[in-house]
Amino acid sequence: MREERHYQGNPQKNSPALGATLAFLGINGLLALLHGSQGCSTFIRLQLSRHYKEPIPLNSTALQEDSAIFGGWDQLKKGIGKVMDKYQPQIVGVMSSGLTETFGDDMTSALASLHEERPELRSHPVVLVSAPDYIGSMQEGYQRTVLALLSTLLPAPTSDLDSSFAHDKSAVTGMKDAADPATPLIALFPGCHLSPSDIDELKDIMTLFGLHPVVLPDLATSLDGHLELEPAPVVQGGTTLEEISLLPQAVATFSFGLSMHKAGQYLQENYHVPHYNFPSLTGLSATDALIMTLAGLTKQPVPAKLSHQRSQLLDTLADYHDQLGGKQIALALETDLLYSLTTALIEVGAEVPVALAASANEIKNFPTGIPVQVGDLEELEELAGTTHLIIANSNGRQAAAALNRPHLRAGLPVFDRAGYPQKIWIGYRGTQNFIFDVLNTLAV
Amino acid sequence: MFVNLSKLDLKETCSSADKGAPKLCLRALPGEGAERSCAFDGARVVLMPITDAAHLVHSPIACAGNSWDNRGARSSGSQLFRRGFTTDLKEQDIIYGGEKKLFQAILEIAAKHRPQAIFVYSSCVAALIGDDLEKTCARAQEQLTIPVIPVNAPGFLGDKNIGNRIAGDVLANRVIGTKDPEAPKVPLSINLIGEYNIAGDLWGVLPDLQNLGIRLQSAITGDARFADVQSAHRASLNVLVCSKSLTNLVRTMERRWQIPYINASFYGIRDTSQALQDIAAALGDPALIERTKFYIKKREAVIRQAIAQYRERLEGKTAILFTGGVKTWSMVSTLAELGINILAGGTQNSTPEDFLRMKELMDPTAQIIEDTSSAGFLDIIATKKPDLIVAGGKTKYLAHKTRTPFLDINHGRKLPYAGYEGMITFAQAVDRTVFSPVWELLARPFPSLEATR
């Protein structure tokens, strides 16, 4: 076993508050407010901005020295009031930081006190997320934020009758408020391992099965990088509050990534929407699982387009099996992406001697045989010396250079290669893309 | 406010009542949307370019995890400075204190990475839980043969500027003069203070210094080895190149080691020539002064010719300027060199002196950007409709949404713009973005995409 270290060397982790910001960026008309000092929000904006090549609207309560003595409770109240007055967002998303968690600022009572003083602000929802650094990485902050959005905007119904009614209505009449009443609604909860284009691909697959997808959060319309977006201090694109209110009417919830399981369970437990979790969408088995579930749910045959894509993937697997077989690949990623890519590689005959997760929360759920452990990029550098390929975010470049190994970028941040937010690595077509990216990186 | 920082010459910077002036001594308001970063960021900007040192951040993951290796400071030697080290403080550390962990981390990093020194940065959380950085670093240093230097600039102390100053104090008190303290001054030698070798800026200036026979004692801290900075006290002159944020450092060096200082900018032809002349004059060597006169004429002619084709195309174009530090004002004359008029200028991270100088240099009709939030920035673009936006990476993608040519002049850039050669690179970069064929493509009419979305 490796020696215990008391530091992170070349961290692959991002802060949970960054993950929280990311989830908030998928909600239309939202203004995100970080309760912390100014640097906290500046670093997050820079990090997300250099990955997505997009402006990142994120505000801060700008805590300073005196807050260390008196706490940041008043600053938080002022901050929420100020952003509501100045920017008129439809919804405000507030996340705590390591600093305010250490003070122990009670965000709930600050909000209640603000509402007491200014009752007119009650009409605009405020979502509070506790995202202290020690809960893990980006993924944990994102997960908590999705849960906080659900519990704030779709609170648990007070009686069982309400919730079963909400669901029955949808099952019988389909979606009441959607554009096409005959199209049943499906709730999708993507993890933060999916790119905006992955989410677009998912929506397309749902549409092929005659479903109307509502995605929470929907980065495919906010962080996908399109120029029609009006530059603005609040989130443009993303899931609307109206769409979120429709989620209890969904015929099913699909959650993607181990970390999103809880979000799917929330809707099932409180609104009786059947929940299916897909830990991965990359690889033949993973995609088959999604497609077969959809076929079963909709009682429809698999659309010809998807069958054809599957056949194309099979052909690729046959053509390149020899180049993939026995290749040793070292990965360091957030757990959901690590799970997806590792299982997809092992499925085609590659070997994964090194699998380093950014945080510990889901690694117990990995299939046996994957040597997954929590680790930073300094460990990647120590362990990947005999492998053929490194898969990690752009910060893995130091390890790759030191070991003189090819480096396929994945995860976040990727700032030194073009087009990562636009990459599709899910579904049959996306799996094929992923395998080509692996092969082409190996060939360099 | 800032009571414990009064020794850092802050009072003088609080006088400006001008609209749009950086509010250095006013606190940022919660929810205001200003983008001013924190004291920790300011300290790391100054110290982290020291290439053969390890930089350990004593904090939860947010401070280093989101920011390590994200600046374009370049090194001709060791790459150790690019590594991200953090104690990654967890719940247990917050309850029981993080000193033990920090102590172990310092020893482990020293053993594994063999740095020439370790800088240990405090953070909001470390300060709040009362970890004694000074004592822990001293204890660790006892077991090592290298300096372990505490940098006490937790983010909540204030803006980036405060952190710059604290880092300057650290350099003055813990680094400079610690090697050969009694050694004599090196004749015709200078320190470039506040030159971080972003995108290799320093390397664009060095050849001209060498050609003139001026010796670079150290750059503080671009492409600097720790030992270079230690012997910075041997320079005959300090040249302060990046804003006034390290004024405290040059003043201390003047008092302690009798090194006079001048301000200079190496952005643009005029400023570069002025800088070389000022350096020569301050060094006081008659032959050098004479040499420099001829040299700058020759170089100016060469560079002006090289950029003539760009100036011809760019003459009369308009720009909005939004940056910090020395670039606040030096970009005004650099853009003027290309015939570009500035319609509006603003700043967030510079000192009031830099701001006033920008105001002085700009055409009186140019507007000062008062609301420095994203919203204010967008308003200005919408009203002024400039041909070019010159700003930092934070505003880059926002600017692109307005379909306006954009030039990143801050730490995210890939190209060196300093010195004479940098002016050519700068002119080419401006030309490339202003005349890129994509702006015409972006403006083409097309049926709205709304229907298909």
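I began with contact range in chain B and noted that, of the contacts between residues at least 6 apart in sequence, 75% join residues at least 24 apart. I keep in mind throughout that this is a predicted model.

Next I looked up the secondary structure of chain B, where I found 18 helices and 13 strands. I then checked the radius of gyration of chain B, which is 23 Å and close to the 22 Å that the globule rule gives for 453 residues, so chain B is as compact as a globular protein of that length. For the extents along the principal axes, I wrote down about 70 × 65 × 40 Å for the C-alpha trace of chain B. I also looked up burial, and buried residues account for 58% of the 453 residues in chain B.

To the contact between them, domain 2 of chain A gives 25 residues and domain 3 of chain A gives 25 residues.

Which elements give two or more residues to the side of domain 2 of chain A that touches domain 3 of chain A? I found α9 (196-208) and α12 (284-298) of chain A, with α9(A) supplying the largest share of that side, 6 residues. Sorting that side of domain 2 of chain A by class, I recorded 10 nonpolar, 12 polar and 3 charged residues.

Conventions. Residues are numbered from 1 along each chain as its sequence is written. Chains are lettered from A and ligands numbered from 1 in the order in which they are written. This is a predicted model: local features need pLDDT of at least 70, side-chain atom pairs count only at pLDDT 80 or more; totals for chains, interfaces and linings use all residues. Helices (H or I, at least four residues) and strands (E, at least two) are DSSP runs, numbered from the N terminus. The radius of gyration is taken over C-alpha atoms; the globule rule is 2.2 Å times the number of residues to the power 0.38. A residue is buried if 20 or more other C-beta atoms lie within 10 Å of its own, exposed if 12 or fewer, and partly exposed in between; C-beta atoms are placed from the backbone. Two residues are in contact if their C-beta atoms, placed from the backbone, lie within 7 Å. Ala, Val, Leu, Ile, Met, Phe, Trp, Tyr, Cys and Pro count as nonpolar, Asp, Glu, Lys and Arg as charged, and the others, Gly among them, as polar.
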